[in-house]
Amino acid sequence: MTESGPTTDAGSPAVDFDRDPSTYRHWQLEIDSENPAVAYVRLDVDEEGGLVDGYELKMNSYDLGVDIELYDITQRLRFTHPGVRAVVLTSARDRNFCAGANIRMLAGSPHPWKVNFCKFTNETRNGIEDATEHSGQTWVAALNGTAAGGGYEMALACETILLIDDNSSTVALPEVPLLGVLPGTGGLTRVTDKRRVRKDRADVFATKSEGFGGKQAVDWRLVDEVIPKRRWDETVRERAADAARASTRLPGGAGIELPPLQRTETGEGITYPHVRASFDRAAGLVEITIDGPDGGAPSSMEQVHELGADFWPLAVTRELDDLILRLRSNELELGTWVIRTRGDVGNALAVETFLEEHSSSDWLASEIRHYVKRTLKRLDVTSRSLIALIEPGSCFAGALLELALACDRQYMLDGPFDDSTDDTGDTDDTDGTAGSGQEEARIVLTAANFGTFPMGNGVTRLGSRFHGDDDHVAKLRQEAGRRIEAREALELGLVTDAPDDIDWDDEVRIMLEERASLSPDALTGMEANHRFVGPETMESRIFSRLTAWQNWIFVRPNASGPEGALRKYGTGRRADFDRRRV
Amino acid sequence: MSIDYSEKIPNNVDLAGDRKLQRALESWQPNFINWWKTMGPAVPTQDVYLRTAVDVGKEGWAQFGHVAMEEYRWGVFLSERGDDRRIAFGENKGEPVWQQVPGEHRADLQRLIVIQGDTEPASVEQQRRLGETAPSLYDLRNLFQVNVEEGRHLWAMVYLLHAYFGRNGREEAEALLQRNSGDLDSPRILGAFNEETPDWLSFYMFTYFTDRDGKYQLGTLKESAFDPLSRTCEFMLKEEAHHMFVGTTGIDRVIQRTCELMREHDTADIAPHGGVPLHVIQKYINFHYSVSLDLFGSEQSTNAANYFTAGLKGRWQEERRSDDHLLTEDGYGMEQVRDGSVITDEVPALLALNLDLRNEYVKDCQSGVKRWNRILEKNGFDERVYLPHVGFNRDVGLFSTHHITPKGDLVGPDVWEARRDDWLPSEADRTFVQNLMRPVYEPGKIAGWIAPPSNGINGKPFEYEYVHFA
Ligand SMILES: [Fe+2]
Ligand SMILES: [Fe+2]
C-alpha cells in the first residue's frame with residue numbers, strides 16, 4: 001500500500017492497484033498442466049487481508065483489495081498467458097463459492113468509497129465478458145458451493161454457470177431482502193438481459209434471500225447446468241476443455257510479462273514514463289499529459305513481442321489505466337481532468353496503422369487494442385469533468401483522438417502559439433518536448449474512430465457525439481487520414497471551441513474555473529447523461545440504471561442510516577425503515 | 001495593421017504592449033467611430049473646447065483645448081491603487097482583490113459590466129438632438145463634454161470586456177454598439193435609457209437625477225473585489241462629478257431665472273414671459289426623480305445579495321461603514337404598502353442592498369433641493385421645491401403596483417388619473433418647455449428662460465467661444 005499522497009476520506013486509505021501473482025492473497029491462478037488451454041482461477045480469500053481495518057473477509061467475501069487482484073488476473077491471462085482459451089472461475093473452499101461483497105466493509109465505508117468500489121468491480125466483470133467475447137478466453141463459472149450476492153454476480157459475468165448439486169448450494173441475490181440495497185455489480189441487469197430470466201421470475205429471485213439451487217435454478221436459467229458432486233471435477237474439466245476448443249482465440253505463443261509500472265508519486269502529481277499528471281489542488285484539477293510514440297511503426301510484430309510491455313501503445317495504456325484508477329480513488333477533490341497529448345502526429349498514425357494491420361492476425365496486437373478500448377471505457381464512466389486541450393505539439397490522432405472525444409469538451413488552439421516575448425501566457429508544462437511552437441495543432445481521424453473503440457453503449461464516440469446524424473458521421477469517415485486544423489475541426493463539430501493564441505489562456509482558465517465552481521454532484525449527473533447519448537446496452541444499463549440507483553440507495557437512511565438495513569445486518573435486529581416511497 | 005495606440009488612445013493599461021487588447025480594439029474602434037457619427041451629437045461642429053483625460057494623477061489628469069469631435073481621443077484609464085488592496089466585504093473579505101476574473105463569477109461580472117456599459121452610450125443617443133436648441137455656447141459645450149465622456153465610459157467598460165472576458169466579452173462589446181436607445185427591435189437594457197431627452201430642462205434633470213444614479217452604481221462597483229473594475233469605476237467617478245455639476249447648476253440657473261421673471265412681472269405665472277413656472281419645474285423633478293429611483297431595481301433583491309456575498313458589488317462607501325461587512329445577521333427597515341397604508345418592515349439587510357443604495361442616493365438628491373430652495377429664499381420667495389415620496393410614480397419594486405401621491409398618500413387609480421397632470425409634466429407642459437427651446441449660438445448670449453452661469457469653463461469667461469461651427 002502506498003503511504004504517500006492524501007487519503008481519500010476519513011478512514012479511507014489511498015488505494016494502490018499494483019499487484020503481482022507471486023503475492024496474491026486471495027486468489028490462486030493455475031494453468032492446467034494437462035490442458036494448458038485452461039486456466040483455473042480460485043477464490044480463496046484471506047480473512048485477515050482486508051484493504052481497510054475493521055472487518056474480516058469471512059465466507060470468501062470480498063472487498064476492493066480482492067477485486068484488484070481479480071483485475072490483475074484478467075489482465076495477465078490476456079497478456080502473459082495467451083495460450084489460455086478457457087478460464088474456470090471457482091472457489092478453493094468446499095460448499096462456499098463466494099458470499100459477495102463484505103457487508104461490514106460496505107456498512108462502514110464512506111459513500112465515495114462504496115461508489116468507487118462498485119464502479120471498479122463492475123469494470124472488472126465487464127472485462128471478463130470482454131475476454132470471452134473478444135479475446136477467446138471463455139470464462140466458465142464453476143460454483144462448487146453457494147454463490148450469493150456479489151458471488152453470483154461474478155458468476156453472471158462468465159459465459160457459462162455450472163452449479164454443484166449437493167442439496168445445499170444455491171445461487172442467490174439476497175441484497176434486497178437482507179441488506180436493503182441492490183445487487184449492483186451487474187446482478188439485476190445480467191439476470192434479465194444476459195440470462196434472459198423472465199422479469200417476474202427475476203423479481204421473485206431477487207427478493208428470495210436463500211435463492212435457488214438444483215433443477216429450479218436450471219429451469220429458471222439462473223445457471224446452465226447442475227452437476228452432482230461426484231461428477232463435479234470431471235465435468236468441470238470437460239466443460240472447460242469444450243470451451244477451450246470452441247474458442248476462436250488467435251494462436252498464442254510466449255506471453256509477455258507485465259512488470260511493475262515505473263511510477264513516481266509526489267504530493268504534486270504522478271509521473272510515468274509516458275504519462276504525467278500534475279495536481280493543481282487550489283484549482284481542483286489535474287493536468288494529464290500523454291506522450292505519443294517516440295518513433296514510427298516497429299519493423300515487425302516480432303519486434304513488438306520483444307518489446308512487450310515496453311511497446312508504446314501497451315505501456316501508455318497501462319500507465320493511463322493505472323492513473324485513472326488512482327485519481328478516481330485517491331483524488332476525490334480534483335474534479336476536473338485536463339487532458340493533453342504531446343508528440344508527433346505522423347508517428348502516432350504510423351503505430352496505429354501498424355497495429356490495425358496486425359490486429360486480426362496477432363493476439364498481442366489484438367489484445368492491445370482491446371485494452372485501449374477498455375481503458376477508454378473507464379474514462380467514459382469516470383465521475384470527473386474531462387476537458388481535452390488540443391494544442392500545437394499534440395498528437396490527437398486515431399486512438400489518441402478517442403481520448404479527446406471521450407472528454408466532455410474539446411478546446412483546440414487555432415493557429416500557432418505566439419512566440420513573441422511581450423505576451424507569453426503561462427507556460428504550464430515543465431519540459432518542452434513539443435518545442436514546435438510554430439506548428440499548428442492538428443487532429444486526425446482514422447478508421448479506429450469509426451468502430452475499434454466502441455463505448456459501453458455499443459456505439460462509437462463519434463456516433464454518440466453525432467447521434468441521429470449518420471450522414472455527418474459518414475462525411476467524417478471521408479476525412480480519415482487528413483490533418484485537420486482548428487477552424488475546420490470546429491466546423492466539423494469535432495471540437496467545442498477553437499480560440500486563437502490571444503484568447504487561449506483566458507478562455508481556458510475561465511472555463512476551468514467556471515467548471516470548478518459548479519456542484520460536483522450535478523456535474524457528475526450531467527456528464528454521465530451527455531457522455532452516453534444514443535442507445536443502451538446491457539453494459540451501459542449496468543452503469544446508467546443499476547449503479548445509479550444503487551448509489552442513490554446507498555445515501556438513503558434506509559440503507560446507510562443508523563437504523564438502515566446495511567448497518568443492522570448481522571446485529572440480529574431488524575432495520576427500521578422509513579416507509580414512505582420516494 | 002499598425003496604429004500608434006498610445007497617441008490615438010491615451011491609456012495607462014499598456015495598450016501598446018498588449019496584443020489581445022489591440023486586436024480587440026482594431027475591430028471595435030472603427031465601429032465605435034461609426035456609431036459616434038450616426039448616433040452622436042447631431043449638430044455639425046468644427047471644434048469644441050473639451051477636456052480630454054490624459055493621465056490618472058491627481059494633478060493635470062485632463063487637458064483642455066478645442067478639438068474636432070471625431071478626433072476626440074477616447075482613452076482608457078484605471079485609477080492607480082496600492083498593491084495590497086483587500087476585499088472589503090462578503091465571504092471573501094480580507095483576501096487580496098482579484099486581478100483576473102474568477103471563472104466562477106464570470107457571468108455575473110460580465111452582466112454587471114454590460115449593464116453599466118449599456119447606459120453610457122444610451123445617454124449620448126438620448127441627447128443626440130439637444131445641440132440644436134442649446135441655450136448658449138457654454139451649455140452646448142457642456143453637453144458635448146458630457147457626451148464625449150459618456151463615450152469614454154463606454155470605452156472603459158469595453159476595455160474590461162476586451163481585456164478580461166475573452167471572446168464572449170468581445171461579442172458583448174460589439175452588442176453595446178448594436179443596441180440603441182429607443183430602438184424597437186434592440187433597445188437599451190434599462191427602461192429609463194430608452195426615453196429621448198427632449199429639451200434642456202430634461203437634460204439638466206437627467207444629469208442631476210439619472211447621472212446621479214450612475215454615480216451610485218459606479219460607487220458600488222468601485223468596491224468590487226475585481227480590481228480592474230474597481231479602478232475603472234473610480235476613475236469614471238471623477239468625470240461623473242462634472243456631469244452632476246452640469247445638472248445641479250443647470251437647475252440652479254433655471255430657478256434663478258424663474259425668480260427674476262417672477263419678480264420682474266410680479267406673478268408666478270411667468271409662462272407668457274418666456275420662463276419656466278416653478279410648478280412645472282416641480283413636475284419635472286417629480287418625473288426625473290421617480291424614474292431614476294426605478295433604476296435601483298427592486299428594494300428586495302437576492303441578486304444584489306449574491307453579488308455582495310461574492311464580493312462583486314459592495315455598498316456605497318463600503319469601507320467607511322462600521323458593521324461587519326457580511327450582513328448575514330443584520331436587519332434593515334423597508335417601507336412597503338400593507339392594508340392600505342405605507343408601513344416600515346424589517347427585512348434581512350442582505351436582501352435590502354438595493355434599498356440601502358437608493359437611500360444613500362435620496363439623501364444626496366436632497367442636497368440639491370436644499371440648494372435650489374436657498375435660491376428661492378435669497379430671491380425672497382416662500383415657494384419651495386421638494387422631492388416626492390419614494391413610492392410616487394414607480395414602475396419597479398414594492399410601490400409599482402400602487403398609486404402614491406408626491407406627499408406619500410396611497411390613492412386609487414381614479415384619483416391618480418385625475419391628478420396625474422398636476423404631479424407629472426403634462427403634454428401641454430412638455431410642449432410649452434419645448435417651445436421655449438431656441439438655439440442661442442452667439443458667444444456671450446443666453447436664452448431667456450435660463451440665467452447665465454457664474455463662471456465659465458477652466459477659467460475662461462462665459463463669453464468665450466467654446467464651440468466653432470462647421
Ligand atoms: Fe457615465
Ligand atoms: Fe455621466
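Trainee: Which residue bridges the iron ion (ligand 1) and the iron ion (ligand 2)?

Mentor: Keep in mind that we're looking at a predicted model. The two iron ions, ligand 1 and ligand 2, lie 3.2 Å apart. The residue bridging them is Glu150(B).

Trainee: And which residues coordinate the iron ion (ligand 1)?

Mentor: Look for donors at 2.1 to 2.6 Å. Along the chain, they follow the spacing E-x29-E-x2-H-x86-E. One of them, His153(B), uses its ND1 atom, while the glutamates use OE.

Trainee: Are Glu120(B) and His153(B) buried or exposed?

Mentor: Buried means under 20% relative accessible area. Both Glu120(B) and His153(B) get the label buried.

Trainee: Over in chain A, is Val582(A) buried or exposed?

Mentor: Val582(A) sits in the segment after helix 22 (565-568) of chain A. Together with Trp549(A), Trp552(A) and Val555(A), Val582(A) forms a nonpolar surface patch. Its relative accessibility is 73%, and because the cut-off is over 50%, Val582(A) counts as exposed.

Trainee: What is the relative accessible area of Arg125(A)?

Mentor: Find Arg125(A) in helix 3 (residues 111-135) of chain A. Its contacts include Tyr62(A), Asp67(A) and Glu153(A). Arg125(A) is buried, with a relative accessible area of 0%.

Technical notes
Residues numbered from 1 in each chain as written. Chains lettered and ligands numbered in written order. Predicted model: local features only at pLDDT ≥ 70, side-chain atom pairs only at ≥ 80, totals over all residues. Heavy atoms only, no water. Donors = N, O, S within 2.8 Å, 3.2 Å for Na, K, Ca; no water. Buried < 20%, exposed > 50% of the residue type's maximum accessible area, 1.4 Å probe, protein only. Patch = residues over 30% accessible without salt bridge, like charges linked within 9 Å, V, L, I, M, F, W, Y side chains within 5 Å. Areas by Shrake-Rupley, 256 points an atom, 1.4 Å probe, with all protein chains shown as cover. Salt bridge = Lys/Arg side-chain N within 4 Å of Asp/Glu carboxyl O. Helix = DSSP H or I, 4+ residues; strand = E, 2+ residues; numbered from the N terminus. Contact = heavy atoms within 4.5 Å. Lists of a residue's contacts leave out its neighbours within four places in sequence.
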